[in-house]
Amino acid sequence: MKFYDSLGPNPRLVKMFMAEKGIELPSEKVDIIAGNNRKAPYTDINPAGQMPSLQLDDGSILCETVAICEYLEELNPTPALIGTTPEERAETRMWDRRVELKVTEPLANGFRYGEGLPMFKERMRTIPQAADDLKALAHDGLAWLNTQLEGREFVCGKRFTLADIVLFSFLDFGASVGQPLDRDLANVAAWFDRVAARPSAAATA
């Protein structure tokens, strides 16, 4: 297999997932600053021009971070980062979806339409006037999550999962692009610090 890597929270979360499992794969860096992900030869691999991608041994390509992580989990089931039972897997997917809809998606678009506008305005439809509202939506989602994390070690309770990796990767990215973590959200802040202390976070920073 071969991992197509770049800057950004999406490649990072897959790398952090792999680090937790001890998976090492050959990789190729794609320069997204130069826009190389939006043109051939990369678009021959991933027509959507998104990062990252995983080329399988048969030459086929997997895109989308959750799909890549699910595939890697099936090949390398321990340690389980999605789950070992139908109930655990469903819980992880539920929380990952909540994290994406409430926090990471508005956070990412708030960046693309705000601080990242010079980079993205020629590559995709952008809505600059929506940037501040999207950032506010991401903060609202974190405030809701703060209440849900009361008494929990991780998003899924005592289990460290893909949902934690997704959320951490985007919050750490957000802090570097004008969306710092609100430390008044004490449960989220404590959770963030716990995840930041993991070797996988340091290895992929």
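Predicted model: local features only at pLDDT ≥ 70, side-chain atom pairs only at ≥ 80, totals over all residues.
**Stop 1**

Select the strands. There are 4 of them, forming an open sheet in the order 2-1-3-4 with mixed pairing. Strands in a sheet pair through backbone hydrogen bonds, parallel or antiparallel. On average, neighbouring strands here are turned by 20° against each other, direction ignored.

Which strands stand at the edges? Strand 2 (27-29) and strand 4 (61-63) do; each has a single partner strand, so one side of each has no neighbour in the sheet.

Now go pair by pair.

- Strand 1 and strand 2: parallel, with 3 bridges. Pick Tyr4; its bridge partner in strand 2 is Glu28.
- Strand 1 and strand 3: antiparallel, with 3 bridges. Pick Lys2; its bridge partner in strand 3 is Gln55.
- Strand 3 (53-55) and strand 4: antiparallel, joined by 3 bridges. Pick Leu54; opposite it in strand 4 is Leu62.

**Stop 2**

Helix 1 lies across strand 1 (2-5) and strand 2, and it runs at about 140° to strand 1.

**Stop 3**

Select Ala40 and Pro41. A cis peptide bond joins them, with omega of about 10°. Pro41 sits in the loop between strand 2 and helix 2 (42-45).

Move to Met51 and Pro52. Here is another cis peptide bond, with omega of about 0°. Pro52 belongs to the loop between helix 2 and strand 3.

Then pick Glu64, in the loop between strand 4 and helix 3. Glu64 is not a glycine, yet its phi is positive, about 75°. Is Glu64 buried, exposed or partly exposed? Its relative accessible area is 49%, so Glu64 counts as partly exposed, since exposed requires over 50%.

**Stop 4: the largest core**

Show the nonpolar side chains. The largest nonpolar core has 46 residues. Within it, Leu142, Leu167, Leu171 and Trp191 touch the most other members. Which helix gives the largest share? Helix 7 does, with 9 residues.

Centre on Leu142. Leaving out neighbours within four places in sequence, Leu142 is in contact with Val103, Leu167, Leu171, Leu181, Leu185 and Val188.

There is also a second, separate core of 5 residues. Val30, Ile32, Tyr42 and Met51 are among its members. Met51 also takes part in the cis bond to Pro52 seen at the previous stop.

**Stop 5: helix 6**

Colour the buried residues of helix 6: Ala131, Leu134, Lys135, Ala138, Gly141, Leu142, Leu145 and Asn146. Look down the helix axis. Where do these residues fall? The buried residues lie within an arc of 150°, so they line one face of helix 6.

Turn to the face away from the buried side. The exposed residues Asp132 and Asp133 are there. Bring the surroundings back: the buried residues of helix 6 pack against helix 4, helix 7 and helix 8.

**Stop 6: Thr104**

Finish in helix 4, at Thr104. Is Thr104 buried or exposed? Its relative accessible area is 5%, so Thr104 is buried; the cut-off is under 20%.

What does Thr104 touch? Not counting residues up to four places away in sequence, Thr104 touches Val99, Val166, Leu167 and Phe170. Leu167 was also among the contacts of Leu142.

Definitions and conventions: Residues numbered from 1 in each chain as written. Heavy atoms only, no water. Core = buried A, V, L, I, M, F, W, Y, C linked by side-chain atoms within 4.5 Å. Buried < 20%, exposed > 50% of the residue type's maximum accessible area, 1.4 Å probe, protein only. Helix = DSSP H or I, 4+ residues; strand = E, 2+ residues; numbered from the N terminus. Contact = heavy atoms within 4.5 Å. Pairing = 2+ DSSP bridges. Axes fitted to C-alpha atoms, helices over the stretch in contact; angles between N-to-C directions. Arc of directions from axis to C-beta.
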